[in-house]
Amino acid sequence: MLLRRSSVPGFRYVAVFLVGIALGFSLATWLLQNLSLGTTGAALSHVKRCNQVDSSHDASSSTTVDSVPSKNLIFIGVMTAAKYLPTRAVAVNRTWAETIPGQVAFFSSESSEVPAEWNLPVVSLQGVDDSYPPQKKSFMMLKYMHDNFIDKYEWFMRADDDVYIKGYRLEPFLRSINGTKRYFLGQAGLGKREELGLLHLRDGENFCMGGPGIILSRETLKSIVPHISYCLKNLWSTHEDVEVGRCVHRFAGVDCTWSYEMQKLFYQNYSSEQAFTGNLHKPELWKAITLHPIKKTLHMYRVHAYLQSQLMAKKRLQIMTYYREIQDMKELLHEDRARISGAFEHETQQLGLHPSLMKFHAQSFGDVIPWRFFSRYLYLHDMDSPRQGITKPIQAAVTDVVLQIMQLINSNSKRVGRTIEFKEVMYGYSRVIPPYGVDYILDLLLMYKKHHGSSRTLSVRRHSYLHQSFGRIQLIEDELLVNDQERKLPENDLPENSLTSVAFLQENSFYHKSKETIHFIMPLAGRLETFQRFMKNFEKNCLIPGDNVKLLVVLFKLSENDQSEEIEDTLLKFKRQYPSYDLHLLHGVGDFKRGLALDLGATQYPKTSLLFFIDVDMYISPGFLSRCRQNSHPGGQVYYPSVFSQYNPDFVYGPQSHPSSQLVVSEEAGFFRGYGYGIVCLYNADLQRVGGMDSSIVGWGFEDVDLYQKFVSSNITIFRAPDPGLVHIYHSVECDPSLESKQYQMCLGTKGNTYGSNMQLAKQLQVVKGKLTGVDAMEINEG
């Protein structure tokens with residue numbers, strides 16, 4: 001259908017009218033923008049009386065800085081001592097000092113010297129030593145700042161060497177304050193309770209606590225430096241931060257900021273040595289500008305790595321926002337998606353989708369992705385044991401999501417006069433939607449606190465429907481799993497092509513890893529026939545192929561029907577047949593203790609040895625040994641394979657119809673043990689690092705859980721995955737009632753799980769019920 005242009009004379013008037021509206025709208029927008037900029041500038045320069053910073057606009061909560069941040073905003077002087085220069089000072093210089101929009105220098109005693117290779121800006125103050133309390137060092141540092149940098153920087157900060165300062169939050173905070181006036185910023189203090197009245201503070205007088213850091217404006221520093229000699233001669237306490245505050249109050253006429261918010265921005269952790277050593281997913285770490293105290297350098301690096309990861313996450317979110325804006329513009333421009341091609345366009349389509357629980361649409365019943373339910377436990381619908389413990393990665397993921405929710409909820413808390421605190425997750429659902437992200441439905445128990453008007457506190461429950469989008473796929477290159485000496489190859493032996501050189505190096509490196517010796521350690525007491533079956537399997541998959549392995553059997557004698565001599569003869573037979581292999585036997589003393597046996601075996605090998613704890617019931621298939629080597633990293637990772645455990649074949653197949661092969665891995669034949677931790681590949685040094693085995697536990701069971709918990713509490717990664725190369729051959733389980741309660745319950749659980757699958761047990765119950773009611777078993781199976 002064609003449309004003809006109207007010949008009505010009023011058409012021109014309509015066109016002129018529309019153009020006038022467009023021009024008027026553009027002019028109004030330009031005026032509003034310029035007026036708003038002027039208003040904002042006035043607001044940022046407005047400060048409340050009594051030296052309280054007006055933070056109603058919450059400038060400190062922003063993590064966005066200028067594209068070219070100013071390097072002349074602040075000078076930070078870090079007070080340290082000669083003994084801490086190679087540790088704390090170096091750690092500070094390599095972490096947060098790089099984020100500061102200005103300059104950082106370290107102030108130490110007159111005799112302090114540092115090697116040039118440290119690249120550490122140290123100021124050795126004349127006439128100052130490292131004695132404590134450091135009143136003279138603090139005042140002389142302020143004087144040095146004034147004499148050398150007073151006209152170059154707007155702000156000056158006194159900091160300790162055990163504080164972490166976020167430069168990306170410090171800059172927007174300071175730019176929200178008029179730096180041309182006198183300010184004394186930090187967390188206000190009056191001293192400890194037992195010190196009240198002993199610090200000689202006047203009524204209304206306070207001081208800024210030195211630990212979290214003290215910030216002075218240029219005018220404040222100018223006011224006190226001419227009187228530093230007086231302040232040093234009139235010290236009323238041994239606390240240098242109290243004396244600095246007294247000097248500022250007397251000669252600059254300002255006090256430390258009285259503001260509840262400053263306690264969060266200049267954060268002081270009072271848990272002493274435990275500060276910032278545990279879980280870092282906490283709101284106080286996100287809100288704070290400074291964190292104090294961080295006494296150990298390893299903790300300083302850890303906090304820095306965590307905060308940098310949070311910044312990276314925000315950058316990734318910003319990238320996702322750009323993708324969504326690009327996709328929105330494509331839709332507004334009505335671009336034909338059928339003509340879109342290329343990797344970028346595909347990424348834009350996928351990553352440009354806005355958060356939704358409806359990104360994925362199942363095309364069939366089998367495509368439906370089920371939800372996982374969790375409260376105190378995690379419940380899975382497709383597992384034989386549906387109730388499982390909530391692992392640390394899941395806890396960390398949910399905690400991270402909840403923290404982000406609370407940030408969003410409280411983003412306008414000051415404006416509306418209320419805050420909402422998180423109490424706990426009552427229950428929740430989650431599911432992973434590849435390649436889109438993770439969906440959450442959370443039932444949150446919250447505490448509602450109203451501040452404006454009549455204050456009140458209420459407990460409320462709210463449902464949150466969340467989608468955590470996946471970002472772009474990233475390829476991360478792992479370090480080569482070889483020693484430095486193995487990496488050093490003659491240059492003339494490398495191919496000329498650079499890509500070929502890299503491939504050659506990697507191939508050569510993994511060659512060394514694939515030939516690493518695996519030290520088998522097997523605890524044993526009796527069970528001659530089972531041991532003979534194991535040795536045949538060991539011969540077939542390890543000895544005959546010529547794999548690099550060693551075997552140590554730690555043998556305990558039984559009080560009755562002992563078969564130790566026959567076991568020794570069996571091992572001696574293989575040792576004679578394969579003289580090049582290290583096959584040894586070590587006798588244990590006393591009652592059988594699996595933990596003691598493994599600990600004794602580990603002491604027979606160097607700390608650099610790769611150990612494999614194995615039981616006599618295990619069957620090894622080709623491929624497992626390479627996974628044992630590749631998944632175990634010294635000082636970094638241990639490999640806990642989830643073994644395939646057979647069901648009772650008499651129960652599954654019937655006494656007369658066993659399969660031809662006993663090593664069938666199928667849902668009917670057995671299951672991968674999610675609760676067994678006795679089989680592990682690890683390095684001896686890592687075993688010793690976490691404290692070794694608990695040799696006091698008698699018998700079987702719980703010693704493996706104890707070791708697993710030690711690794712969970714350490715900084716060593718646990719790699720756990722189903723491994724079809726390890727099959728636990730079924731055998732009857734007898735649980736001794738004399739065992740410890742936990743061991744006995746674990747034994748009964750293992751015994752019950754090895755009868756058969758839930759479906760097989762249900763069918764068997766139907767058969768039994770049918771016999772009692774006269775229903776034919778064939779009818780039950782057909783039903």
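**Entry 1: aromatic rings**

I looked up a ring cluster, and ring pairs link Phe75, Phe107, Tyr144, Phe149, Tyr153 and Phe156 into it. My rule for a pair: rings of Phe, Tyr and Trp (its six-membered ring) pair if their centres lie within 6.5 Å; planes under 30 degrees apart are stacked, over 60 edge-to-face, and the rest tilted. I note that this is a predicted model, in which local features need pLDDT of at least 70 and side-chain atom pairs count only at pLDDT 80 or more, while totals for chains, interfaces and linings use all residues. I number residues from 1 along each chain as its sequence is written, and side-chain values use heavy atoms, with hydrogens and water left out.

How many aromatic pairs does the count come to? I get 27 aromatic pairs by this rule. I then picked Phe520 and Phe612. Their ring centres are 5.1 Å apart and their planes stand at 85°, so I call the pair edge-to-face. Phe520 sits in strand β18 (residues 518–524) and Phe612 in strand β21 (residues 610–613), so the pair ties together parts 92 residues apart in sequence. Helices (H or I, at least four residues) and strands (E, at least two) are DSSP runs, numbered from the N terminus.

Phe520 is at 0% relative accessibility, so I count Phe520 as buried. Phe612 also has a relative accessible area of 0% and is buried.

Next came Tyr640 and Tyr677. Their ring centres are 6.4 Å apart and the planes are at 75°, so this pair is edge-to-face. The pair links distant parts of the chain, 37 residues apart: Tyr640 is in strand β23 (residues 637–646), and Tyr677 is in the loop between β24 (670–672) and β25. I find both Tyr640 and Tyr677 buried.

**Entry 2: charges over rings**

I checked for a charge over a ring (NZ of Lys or CZ of Arg within 6 Å of the ring centre and within 35 degrees of the ring normal). Arg88 lies over the face of Tyr84, 4.0 Å from the ring centre. Arg387 lies over the face of Tyr377, at 4.0 Å from the ring centre.

**Entry 3: disulfides**

I searched the whole structure and found three disulfides. The cut-off is a pair of cysteine sulfur atoms within 2.5 Å.

Cys208 and Cys256 form one, with sulfur atoms 2.0 Å apart. Cys208 is in strand β8 (residues 207–208), while Cys256 is in the loop between α7 (240–251) and α8 (260–265), 48 residues apart. Why is this disulfide right-handed? The torsion about the S-S bond of Cys208 and Cys256 is about 105°, so it is right-handed. Both Cys208 and Cys256 are buried.

I also looked at Cys231 and Cys247, whose sulfur atoms are 2.0 Å apart. This pair joins helix α6 (residues 228–233) to helix α7, 16 residues apart. Cys231 is buried at 6%, and Cys247 is buried at 2%.

A disulfide joins Cys628 to Cys681, S to S 2.2 Å. With -125° about the S-S bond, this link is left-handed.

**Entry 4: confidence**

I checked pLDDT, the predictor's confidence in each residue, from 0 to 100. The chain mean is 80, and 79% of its residues reach 70 or more. Over residues 30–69 pLDDT stays under 50.

Methods. Buried < 20%, exposed > 50% of the residue type's maximum accessible area, 1.4 Å probe, protein only. Contact = heavy atoms within 4.5 Å.
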